[in-house]
Amino acid sequence: MFGYYLRLAWQSIKRNYIISSLMVLALAVGVGSFMITMTIYYYASSDPIPQKSDRLYAIQLDAGDIESDYEVETSADLWASLTYLDAKNLMEEDLPVVNKTLHYRFGTLVLPEDKDIDYFGAEVRATNRSFFSMFNVDFLYGGSWSEVDDEGKSVIVITEEINDKIFSGEDSVGRTLKTNDGDFKIVGVIKKWNIAMPYFEPYPHIGHEFAEIYTPINTFVNREPFSFNGSMNCWKPFDRGSHDAFLQAECAWVGFWVELASKDDKTQLLESLNNYTTNQKTLGRFQRPTNNFATDVNAWLKQHEVAEGPVRLMQSMSFLFLLVCLINTIGLLAAKFIGKSTDVSVRRALGASKSDIFKQNLIEVSLIGLVGGLFGLLFAVVGLRWVRELFGDSLERFSALDPTLIIMGVVVAIAASILSGIYPSWRAASEPPAANLKTQ
Amino acid sequence: MLSMKKIEMVYRADMVETYALRNFNLDVNDGEFVAVTGPSGSGKTTFLNIAGLLEEPTSGSYELDGESVGKLSDKKRSQIRNEKVGFIFQGFNLMPDLNIFDNVDVPLRYRGFSGAERKKLIEEALEKVGLQSRMKHLPSQLSGGQQQRVAIARALAGKPRFLLADEPTGNLDSLMAQQVMQMLEDINAEGTTIIMVTHDPELAVRARRNIQILDGSVSDLDEMMHRVSEKVTAVAEGA
């Protein structure tokens with residue numbers, strides 16, 4: 001009977017094509033807007049590095065002043081970066097980890113040699129070579145710089161986007177990139193990031209730009225004038241005229257991550273961090289109670305509520321919108337089924353039971369849902385492109401629907417249409433069969 | 001085959017109760033052709049709806065083929081309706097989007113026949129009403145008489161035990177009405193029980209038995225006529 005009901009559904013849709021189109025439109029708009037926010041939520045809340053997210057830990061140390069008036073109960077109560085002094089010390093400290101990285105970012109101007117290409121601003125991440133292996137960065141050409149380069153050589157890794165822009169996508173390894181901070185030898189080109197945001201940032205959020213250039217931290221950190229983009233928390237005064245004083249200052253601005261061999265090593269890691277801060281206390285630092293934290297990737301994202309706040313609000317709004325669309329669909333379905341009441345009565349007289357009519361109606365509703373869902377996906381694709389144009393390339397990764405989301409969109413549409421069709425379908429099936437037999 | 005005892009049908013709307021049938025008793029035997037007449041609003045269609053299991057009486061007992069059908073589930077009532085009853089309506093009630101073949105197919109679909117079985121039964125039924133060449137036509141492409149013949153084919157396709165016809169010639173001109181009536185007589189002659197509601201006395205007298213419904217109760221005109229004729233005979237013999 002399924003094929004038969006499907007054929008009848010298609011005929012009914014064609015017969016009442018205006019009402020059917022309105023229902024498809026209502027579902028498509030509702031599902032489309034829901035899919036847009038679901039896509040953003042899905043990417044924002046998904047694990048960016050599932051292979052090792054439970055082994056990568058962001059480090060936070062409470063190096064605050066004794067007079068600082070704040071309480072720390074969880075890692076969220078503490079600033080998300082370290083002082084340069086601590087980051088540098090921890091790089092040299094014997095921690096029970098397989099890898100560790102420190103990083104900060106700043107801006108530079110790229111000066112292409114090709115006169116046809118205008119100069120442009122680019123975000124630079126100053127880090128060490130471990131950054132690439134720790135965060136599983138894929139290279140298109142070349143690779144990360146060497147251990148020797150880490151000491152402060154003028155080498156850089158650029159992104160595929162910059163490589164496309166300046167070198168037309170050719171292998172640029174070995175070539176030079178001119179910036180207003182000097183000339184740099186390119187040692188690697190990384191592929192486009194395929195994650196929602198740079199989660200390793202001290203304060204990650206949706207729309208956070210990925211750095212386009214990567215360079216050894218020692219190449220830049222000692223330069224004057226010093227350049228820095230991001231959040232910096234200072235709790236002790238220092239000589240602002242001296243760069244050396246700044247590097248020794250009690251100011252948190254350097255992100256620090258470690259990679260453990262196993263997540264079970266976390267306790268050992270915290271012990272080592274506590275030992276470090278205990279030692280620092282003897283030097284007059286870390287005057288507050290010991291509050292050291294190691295937070296894995298997913299907990300880090302949760303701590304920064306990347307999938308909360310505006311994303312949740314948007315999701316709730318789109319869910320309400322979907323609900324309004326469904327209520328409209330219920331009204332349209334009721335009108336449609338009233339128009340079919342004679343048909344239903346005749347079928348009942350010829351032997352159809354209530355459940356036969358109910359099933360027939362639900363299949364029609366599901367078909368409308370399927371078509372509405374497909375159009376909804378189209379709306380979602382267009383809507384996501386619009387979101388991307390509105391917020392820029394930082395949301396590029398949100399503008400694609402992956403297979404899970406496509407299936408989810410169609411399932412949501414069909415489920416929503418079935419949900420909205422249950423009552424009108426049952427009403428239509430429950431009409432007394434004799435009611436309309438004399439009206440034709 | 002059909003036995004109704006003390007059937008009452010009451011429609012309630014707010015504080016108003018309307019008796020459509022009251023103390024309604026009727027027995028119809030296998031193979032009968034019963035014409036049901038009566039003024040508008042007398043309860044003819046209500047009787048037909050109850051007989052065809054489209055409505056449940058408020059009280060009383062109704063047996064079809066010896067089985068009490070008063071308190072069955074919707075599924076069971078639908079099944080009996082599908083297997084034992086064929087309906088013919090005044091307004092034909094064909095599905096406008098379905099071609100003739102598919103219209104006749106409707107009751108067979110609910111019976112669960114295979115595709116091949118359905119095709120055979122549809123072709124047989126359409127052949128019986130002389131429309132086998134119009135299978136792919138839509139109802140709108142046929143005349144009123146032809147549409148009613150399709151409705152008869154649809155009613156007959158599943159080989160039901162009895163046909164319920166509600167003013168089957170009401171929307172037809174006299175020539176067409178005669179053709180349809182002839183068709184019903186032929187069907188009855190082959191053994192199908194027919195109950196036909198009609199306003200047309202000329203058609204009613206062609207049935208084997210006539211009953212009249214007045215104010216929701218049945219009067220068997222044949223039985224009345226039989227009694228009158230017995231009295232007339234007795235009076236004549238006495239004289």
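A: A crossing is called left-handed if the near helix is turned anticlockwise from the far one by less than a right angle, and right-handed if clockwise. The model is a predicted one, in which local features need pLDDT of at least 70, side-chain atom pairs count only at pLDDT 80 or more, and totals for chains, interfaces and linings use all residues. Residues are numbered from 1 along each chain as its sequence is written, while chains are lettered from A and ligands numbered from 1 in the order in which they are written.

Helix 5 (residues 144-157) of chain B packs with helix 6 (residues 174-189) of chain B at an angle of about 15°, their axes lying 9 Å apart (axes are lines fitted to C-alpha atoms, for helices over the stretch in contact, and angles run from 0 to 180 degrees between N-to-C directions). That angle makes helix 5 of chain B roughly parallel to helix 6 of chain B, in a scheme where angles under 35 degrees count as roughly parallel, over 145 as roughly antiparallel, 65 to 115 as roughly perpendicular and the rest as oblique. The crossing of helix 5 of chain B with helix 6 of chain B is right-handed. Helix 5 of chain B contributes Gly144(B), Gly145(B), Gln148(B), Arg149(B), Ile152(B) and Leu156(B) to this contact, and helix 6 of chain B contributes Met176(B), Gln179(B), Val180(B), Met183(B) and Ile187(B) (residues are in contact if their C-beta atoms, placed from the backbone, lie within 7 Å). By class, 6 residues of the contact of helix 5 with helix 6 of chain B are nonpolar, 4 polar and 1 charged (Ala, Val, Leu, Ile, Met, Phe, Trp, Tyr, Cys and Pro count as nonpolar, Asp, Glu, Lys and Arg as charged, and the others, Gly among them, as polar).

The crossing of helix 2 and helix 13 of chain A is right-handed. Among the residues that make this contact are Phe34(A) and Met38(A) of helix 2 of chain A, and Met408(A) and Val412(A) of helix 13 of chain A. The contact of helix 2 with helix 13 of chain A holds 11 nonpolar, 3 polar and no charged residues.

Between the chains, 22 residues of chain B are in contact with 21 residues of chain A. On the chain B side, the elements that give two or more residues are helix 1 (44-51), helix 2 (74-84) and helix 3 (100-111) of chain B. That side of chain B divides into 7 nonpolar, 8 polar and 7 charged residues. The buried residues of helix 3 of chain B include Ile100(B), Val104(B) and Leu108(B), and Gly112(B), with a positive phi near 85°, follows the helix.

Technical notes. Contact = placed C-beta atoms within 7 Å. Helix = DSSP H or I, 4+ residues; strand = E, 2+ residues; numbered from the N terminus. Buried ≥ 20, exposed ≤ 12 C-beta atoms within 10 Å, placed from the backbone.
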